[in-house]
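I opened the model today to look up a few local features. My entries follow in the order I made them.

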Amino acid sequence: MCDKKLNEEKIAIYMKNSLSVLFIGHIAIDSIIRFKQKRKPSLGGSVTFGSLGLRKYTKSTKIGIISNLGIINFDKSLLKRFDNKSINISGVKSFETENTNFVLNYSNHSRTLTLKSRSPNLKFKDIPEFYKTNLPNIIVLVPLCNEVSFEYVLKISVEFPNAFIGIDLQGFIRNVDDEGKISFISDEAIIANMKKIISLIGDRLILKGSEIEMKLLSGETELQKVMESFKRFENKAIYIMTLGEGGSMILKNGEKLLKIPAFKPKTVMDETGAGDIYLAIFLYELINSDMSWNAVESAGYIASAAASFLIEKKGPTGYETKNKVLKRLESKNYIN
């Protein structure tokens with residue numbers, strides 16, 4: 001009896017002290033066409049890549065997902081993938097609608113993205129009470145098609161005042177036309193909304209965007225000027241611009257601009273989700289550090305190495321353990 005009580009106490013201490021990460025955004029189904037070859041639809045979305053990648057990287061972290069599913073065209077057996085990895089999906093809500101489905105067409109190192117159907121927007125009231133008593137250390141807002149509103153972010157910021165908030169820019173600023181074609185074009189209202197979010201979160205923000213997304217948000221075209229433009233917010237947020245084979249750049253007010261190289265993968269099979277892995281691993285390494293600028297640089301290198309594994313396999317499968325990521329880091333085998 002004493003042994004049982006002692007074991008329960010150890011578990012309670014572990015649950016209290018272990019890191020907790022909550023991913024918020026739509027779970028999607030991706031239909032990928034790569035150089036005119038169509039693949040079988042696969043589980044997609046930033047919450048999928050981020051959570052599964054982080055689970056492979058670390059076994060001790062508590063990971064959860066908040067999402068909406070449209071069950072008309074979604075096979076719910078796919079959710080077993082998360083259960084089998086001990087990822088909390090109590091915050092995944094089902095609707096009698098179609099799910100968020102994308103067609104991703106890759107050709108000549110570029111891609112076109114088409115939204116075929118879409119789940120309902122996320123609502124703050126649907127977040128399980130569990131997370132309000134078991135507060136996450138990191139909240140990762142990774143919408144795919146504007147399903148997270150400013151009001152939602154505002155409530156997240158208020159309800160979880162001590163959490164670091166990671167944001168993937170893509171799903172906040174995408175434009176979708178009547179045929180479902182997704183593009184990044186300047187829309188004053190969308191850009192103004194994103195700037196409000198940056199100001200709202202302030203020092204707790206880690207914002208990641210691709211080159212085209214960060215250029216659009218900043219209004220600049222030259223890479224250094226793009227990054228320097230974020231100093232206007234006068235906060236201590238961290239801003240990351242991913243550049244594909246060009247690596248990434250990281251900025252924080254008062255610190256030197258960091259340039260992180262990309263690591264060479266053994267092969268290139270599927271680039272989908274590489275940025276999601278980068279952000280998830282970066283956040284994990286950052287919060288487990290002393291938060292110094294040297295630690296931020298180290299987190300960038302590790303995140304870059306982790307992302308290089310993902311593109312070696314098709315779909316949400318190219319994840320690796322921390323040991324293997326660190327071995328690639330030590331190799332310094334960068335893309336020139």
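Is Glu234 buried or exposed? I looked it up: Glu234 is exposed, with a relative accessible area of 70%. My cut-offs are under 20% relative accessible area for buried, over 50% for exposed and partly exposed in between, with a 1.4 Å probe and protein chains only.

Ground rules, noted before going further. This is a predicted model, in which local features need pLDDT of at least 70 and side-chain atom pairs count only at pLDDT 80 or more, while totals for chains, interfaces and linings use all residues. Residues are numbered from 1 along each chain as its sequence is written, and side-chain values use heavy atoms, with hydrogens and water left out.

**Entry: positive phi**

I stayed with Glu234. Its phi is positive, about 55 degrees, although Glu234 is not a glycine. Most residues other than glycine have a negative phi. I placed Glu234 in the loop between H9 and S14. Helices (H or I, at least four residues) and strands (E, at least two) are DSSP runs, numbered from the N terminus.

I then checked Asn146. Its phi is near 60 degrees, again positive in a residue other than glycine. Asn146 sits in the loop between S9 and H5. At 30% relative accessibility, Asn146 is partly exposed.

**Entry: helix H5**

Which residues of H5 are buried? In this helix, residues 150–159, I found Phe150, Tyr152, Val153, Ile156 and Ser157. Down the axis of H5 these fall within an arc of 160 degrees, so they line one face of the helix. The arc is taken over the directions from the helix axis to the C-beta atoms. An α-helix has 3.6 residues a turn, so residues three or four places apart point the same way.

I also looked at the cover. It includes strand S1 (20–24), strand S5 (62–70), strand S9 (138–141), S10, H6 and H7. Contact here means heavy atoms within 4.5 Å.

**Entry: helix H8**

H8 spans residues 211–218, and its buried residues are Glu213, Met214, Leu216, Leu217 and Ser218. Their cover includes strand S10 (164–168), helix H6 (170–173), helix H7 (188–201), strand S13 (205–210), helix H9 (223–228) and strand S14 (238–242). After H8 comes Gly219, with a positive phi near 80 degrees.

Next, a pair inside H8. Glu211 and Lys215 form a salt bridge, with their closest N and O atoms 2.8 Å apart. A salt bridge is a side-chain nitrogen of Lys or Arg within 4 Å of a carboxyl oxygen of Asp or Glu. The two lie 4 residues apart, about one turn of the helix. Glu211 is partly exposed at 30% relative accessibility. Lys215 is partly exposed too, at 24%.

**Entry: other salt bridges**

How many salt bridges are there by this rule? I get 9.

I picked out Lys208 and Asp168, whose side chains meet at 3.4 Å, N to O. Lys208 lies in strand S13 and Asp168 in strand S10, so the pair ties together parts 40 residues apart in sequence. Lys208 is buried at 4% relative accessibility. Asp168 is buried at 2%.

Glu312 and Arg328 also form a salt bridge, 2.9 Å from N to O. Glu312 is in the loop between H11 and helix H12 (322–331), and Arg328 is in H12, 16 residues apart. Both are buried.

I noted a network as well: salt bridges link Lys93, Lys125 and Asp126.

**Entry: H10 against H11**

How do the axes of H10 and H11 cross, and at what angle? The axes of helix H10 (residues 274–287) and helix H11 (residues 293–310) come within 8 Å and cross at roughly 145 degrees. Axes are lines fitted to C-alpha atoms, for helices over the stretch in contact, with angles from 0 to 180 degrees between N-to-C directions. I listed the contact residues, among them Ile277, Ile281 and Phe282 of H10 and Val296, Ala299 and Ala303 of H11. By class, the contact has 13 nonpolar, 2 polar and 1 charged residues. Nonpolar covers Ala, Val, Leu, Ile, Met, Phe, Trp, Tyr, Cys and Pro; charged covers Asp, Glu, Lys and Arg; the others, Gly among them, are polar.

**Entry: Glu98**

Last, I located Glu98 in the loop between strand S6 (88–95) and strand S7 (100–107). Glu98 is partly exposed, with a relative accessible area of 40%. Its C-alpha is 6.2 Å from that of Arg118, 20 residues apart in sequence. Neighbours within four places in sequence aside, Glu98 contacts Gly70, Ile72, Asn73, Ser117, Arg118 and Ser119.
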